[in-house]
Amino acid sequence: MPTDTSLSAEELREKLRKAEARIAELEIKQQQQEMYTAIIEQCQEGIAAADLEGNLLFCNQAFARMHGFETDEVIGRHLSIFHTEDQLPNVEENLQVIQRNGTISGEIWHARRDGTPFPGYMNNSILQDGAGRTIGMIGTLTDLTAIKFLEEKLRQSEKQLETILDSLPALVFFKDSKNHYLFVNDALCKAVNRSKEELLTRSAFDFAEEKAIAQAYWQDDLEVIRTGKAKRNIVEPLLTNRKRWFRTDKMPYQLQNGEIEGVIGFAVEITDLINTRKSLQESEELLRTIYNAADNVAFITTDLKRKDTIITSFSPGAEKIFGFSAQEAIGKPVAMLHKPEEVEKFPEIQQRLAQGEKGFSGETILYRKSGKQFPAFLTIHPLYGLNGSTITGTLGVTIDISSSKEAELLLRASEDNYRTVFNTANDAMFLHEMGTGRILDANDKASRMYGIAHDDFENLTVEDLSEGKPPYSMHEAIHFIHMTKDLGPQLFEWHAKCANGNLFWVEVNLKLVIISGMEYILAIVRDISDRKDDAIRLAQAKEEAERASRAKSEFLANMSHEIRTPINVIMGMNRLALDTQLSPEQRKYLMAVQQSSKSLLTIIDDILDFSKIEAGQLTLEKRPFDLRNMCDDILKVFSAEIEEKGLKLSVAISPQIPINLLGDDLRLNQILMNLVGNAVKFTEAGTVTLSVELVSQHDAELKLQFSVRDSGIGISLESQKSIFDNFTQADTSITRRFGGTGLGLAISKRLVKMLGGEIQVDSEPGQGSHFYFIAFFETNPVLTIEKNKKQDCYENHFILPQLLKILLVEDNTFSLDLAQVILEKAGYQTTTALNGMQALEQLATDNFDVILMDVQMPKLDGIAATRYIRQCEQRNIPANTEYRGLLMQVAKQQQGRQTPIIAMTAHAMAGDREKCLAAGMDAYVTKPFQPHEIFSVLQRVLVRTSEA
């Protein structure tokens, strides 16, 4: 490069000097930059900068490692990688706030690389370039994990301390220098019957019953705050109850700088101690009063320190009994009151007292001042010195029992009479001590009943004569004794025990008796083992009868199924045959078959209804219905037979009866159909009248009388007594002539009783019959009926799809053919299966709009198959089933869709419908069925499915 030779040496040296200065300046700046970088990298707080879109421009190692990254892993990435998903809206909002306000700070949750959230404190501001343009944000981040941990530990410590203080029985409180409660424990709250919220930040003046008590509290607090010294053993009443007393310790509550902030107090209740002291004073005064006032009891104390045992006190009662004055007796030997042979026993008595015996009592002979002897009851107690262990004397309590001895002779004669009655009683009798159950006496019958000699009963308790286990233990026996005292005589059964250990049942009658002013329990015990044996036999007989009843119900259920299935085929196939081209003779024969099948079905229904009623399985329902429509429908049912006989059938309903009622219309219809059917059957000429009258109305409840009159053959008075009995008809020839089971009126009677009334009959042979009964129903708002009509209208206009795919599951091939013909004639596509297993196999390869499922089938019945189908739809297949592989295929094919399932079964007993619905079926129809019944059920189920 050519050199500018026009510059002088001086100019060249100046340029060189400036270049060297520039180089030195850049080196200084580079050193400063390296120093700043080192400072930033060594900083424990996270430092980072990002552009306005939130992309990271720079961060120190502390920031990166705080989030579980290295620095080169995060530069250029969006800030969202440092936050949990639910915090991302806050990140965007913070970017906007910084651009708007220039700064933002506060706590925010960040996330580490593994997704673990941690709390942090950020302090961010805008980042500008050299021209003053905002290009992003820069800020610091402090990891608050350790601080939050310490804060939580502090909260836990505070909670533990509060729990400990709350568990103390003592009253604990903190009060500030303004007399406000800062802390109170549960014991204090309970004592003043206030919550912590009511006490905190308030003073004692806010709830004290007497301001003077609160003022006394406050004066003690001020003294502790002023002096800085504790004040202990303050005896004071409770703020809200002067009858409760506490001993309180109060100490200054000091801060770390030594300043006294308030008072800490601990209070222990001493009410019992104060009351005990008061009671002790009262007892001393009472004893003094008794000592001076008991003129029939002698109190004499003696001094044992002297060899001759002198008298040291002589009560007024002793003066009266012995005839000595206190002045004459005190200081004299106590031996002057005793017989010489008793005096000789004094040293032995003193020695036994010194060895720890608590005292002696018993009858003895004493001397009066006159020298006359008298019987007395004497009790001797030791008196101890101040050390509580050395016996210094004795206290003698003497009662003159002269009068008692005289009465004892009379009582003994009376007791002999009592003993005679006691021992000749037919029941065992015991006299028990109140409270302990200890046997004091027993009669001869008790000895024979329990195998225990009379003398051996002494000191036995109720427990010794009982099974000893709850509820026949000592605890329960004492409970009955207390109930006898509090509530009067108690009668109960008990499991007793003989001397040989055998257990037997007794009936115990406890009574409270008073003997010589003392309360005792008299127990009269009767052996009821035979009665209990009879009860056991009756219970067994009842169980056998119930078992037989269950067996009968099961038999009827099976009979129903076995008969209904072929009847379904007979009636269905016969109905299909009637729809074909027939000659008049063929149609006549088939109509006879159809009518006979209906009669057979009616007989089966009667038997099943009767069985349900007997088993208590028939319950009434409450539905809205139109009474006039029901009666009109009954007329239509019998119109053909009435026309054939030339009868006149009329209906008369009182205009006072509302049209719309609430009740079990099906059972009412069953009763009326039976009564009207009988009237038509047994009337050859004349009229049959159905009438309904309003008996009374109370609010919404109606009392109605239903009547059916006819001009038929009538019933004799003798037959009327049994006509409502089971399997009974007025004349044995009637069964042969008119048919029937004799159950119709029996069932009607039971149903009428369930409706709240009773059915009756008035009749004479050849004059017709009048059946009538009372039943209770409720009025029903017209709105409900209209709503139902709208629903019916909706359902009636719902058109079943023509391409309906139906899976028909039935093990009886004839029933299967019948159902298939009925459905395919209606234009529906059917697929058949002979049992539940085949149904699952079909569902594993194809989908259906609806399933018609028989219940009782071989291999896999309809109930079990339905449960499996529902489990497949919910993808909840049991692991322990042998069909798991097949069920997995069904679940895969169905893909969660729920196919309606309709039970099509001959089971018609109570509970069968509920079992089907509980298994997951959507509807239930019994065999035999009419085609319109199947279509109606399909319609209801598909309407419900489409709405869902």
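Is Arg-155 buried, partly exposed or exposed, and what is its relative accessibility? Arg-155 is partly exposed, at 45% relative accessibility. The model is predicted, and it contains 29 salt bridges.

**Within helix α5**
- Arg-155 pairs with Glu-152 in a salt bridge whose closest N and O atoms lie 2.8 Å apart.
- Both residues belong to helix α5 (residues 145-167), and because they are three residues apart there, about one helical turn separates them.
- Glu-152 has a relative accessible area of 34%, so Glu-152 is partly exposed.

**Between strand β6 and helix α8**
- A salt bridge links Lys-175 to Asp-221, with 2.7 Å between the closest N and O atoms.
- Lys-175 sits in strand β6 (residues 171-176) and Asp-221 in helix α8 (residues 211-227), so the pair ties together parts 46 residues apart in sequence.
- Lys-175 is buried, with 2% relative accessibility.
- Asp-221 is also buried, with 1% relative accessibility.

**Between strand β21 and a loop**
- Arg-623 and Asp-664 form a salt bridge through their side chains, at 3.1 Å from N to O.
- Arg-623 is in strand β21 (residues 623-626), while Asp-664 is in the loop between β23 (660-663) and α21 (665-681); the pair therefore ties together parts 41 residues apart in sequence.
- Asp-664 counts as buried at 5% relative accessibility, whereas Arg-623 counts as partly exposed at 21%.

Key:
Residues are numbered from 1 along each chain as its sequence is written. This is a predicted model: local features need pLDDT of at least 70, side-chain atom pairs count only at pLDDT 80 or more; totals for chains, interfaces and linings use all residues. Side-chain values use heavy atoms; hydrogens and water are left out. A salt bridge is a side-chain nitrogen of Lys or Arg within 4 Å of a carboxyl oxygen of Asp or Glu. Helices (H or I, at least four residues) and strands (E, at least two) are DSSP runs, numbered from the N terminus. Buried means under 20% relative accessible area, exposed over 50%, partly exposed in between (1.4 Å probe, protein chains only).
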